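Dear colleague,

Please find below the structure that I am handing over to you. I would be grateful if you could read the notes that follow with the sequence and the coordinates open beside them.

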Amino acid sequence: GGASSDYVRRLEEEMATIRKRLDFEQVQREETGMAYKVTSERLQEATALNNRLEQALAAQYADPEALANMKRDRDEALANMKREHDEHAAATRHETALRAKAQQQVAELERMVRAGLEEMERVEAVNQSQHTQVGYLRGEVEVANGDVGRLQATLTDTLARAAKERQWEEERRGRDVE
């Protein structure tokens, strides 16, 4: 009884801890989602700005080498932003997978707690049944003890009567001999 409820209490505490962690991770994931959206918008704005810059620079600079260097720098910056964006998306997918795993663990713990409670109820029912059976058996033993007491009294009376009858028989023989 006591050990089982301690076990159930420990499982419930563990479940509460996991729920708090899941709530914290949910907040982080929402913040991550917002950062992802901001990064996507920034990437689109940068691309549009760079397209306008490219047109303006093409008009402003007739030097093909300077234009090629600017394009290369721009492409590098865009590639870095895209890489950061992709890394962020991968991290979000990883967090989602971790959350799913944690929810699965909570469900398993809840199943274990339910099974533990059902087992405690079953054991309690068995104990109650055994307690009832012990009470019935005690009654039977008391009845049997009463029977034994009556039999002992009858046996004692019978032995006393038999002893008296032997004594009388011996006395009668003694008189017959005289």
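Predicted model: local features only at pLDDT ≥ 70, side-chain atom pairs only at ≥ 80, totals over all residues.

The protein contains two helices and zero strands. Its radius of gyration is 48 Å, whereas the globule rule gives 16 Å for 178 residues, so the protein is more spread out than a compact globule. Along the principal axes, the C-alpha atoms fill a box of roughly 170 × 20 × 15 Å.

As to contacts, consider those in the protein with a separation of 6 or more: 90% of them are between residues 24 or more positions apart. Of the 178 residues, 13% count as buried.

Which residues make up the largest nonpolar core? There are nine of them: Val8, Leu11, Met15, Ile18, Leu22, Ala102, Val106, Leu109 and Val113. Helix H1 (2-60) and helix H2 (64-177) each supply at least two residues of this core, and the largest share, five residues, comes from H1. Within this group, Ala102 touches Ile18 and Leu22, leaving aside residues up to four places away in sequence.

The protein carries 28 positive and 36 negative side chains. The centres of these two sets lie 1 Å apart.

With kind regards

Note on methods
Residues numbered from 1 in each chain as written. Heavy atoms only, no water. Core = buried A, V, L, I, M, F, W, Y, C linked by side-chain atoms within 4.5 Å. Buried < 20%, exposed > 50% of the residue type's maximum accessible area, 1.4 Å probe, protein only. Helix = DSSP H or I, 4+ residues; strand = E, 2+ residues; numbered from the N terminus. Contact = heavy atoms within 4.5 Å. Rg over C-alpha atoms; globule rule 2.2 N^0.38 Å. Lys, Arg positive; Asp, Glu negative; His and termini not counted. Charge placed at Lys NZ, Arg CZ, Asp CG, Glu CD.
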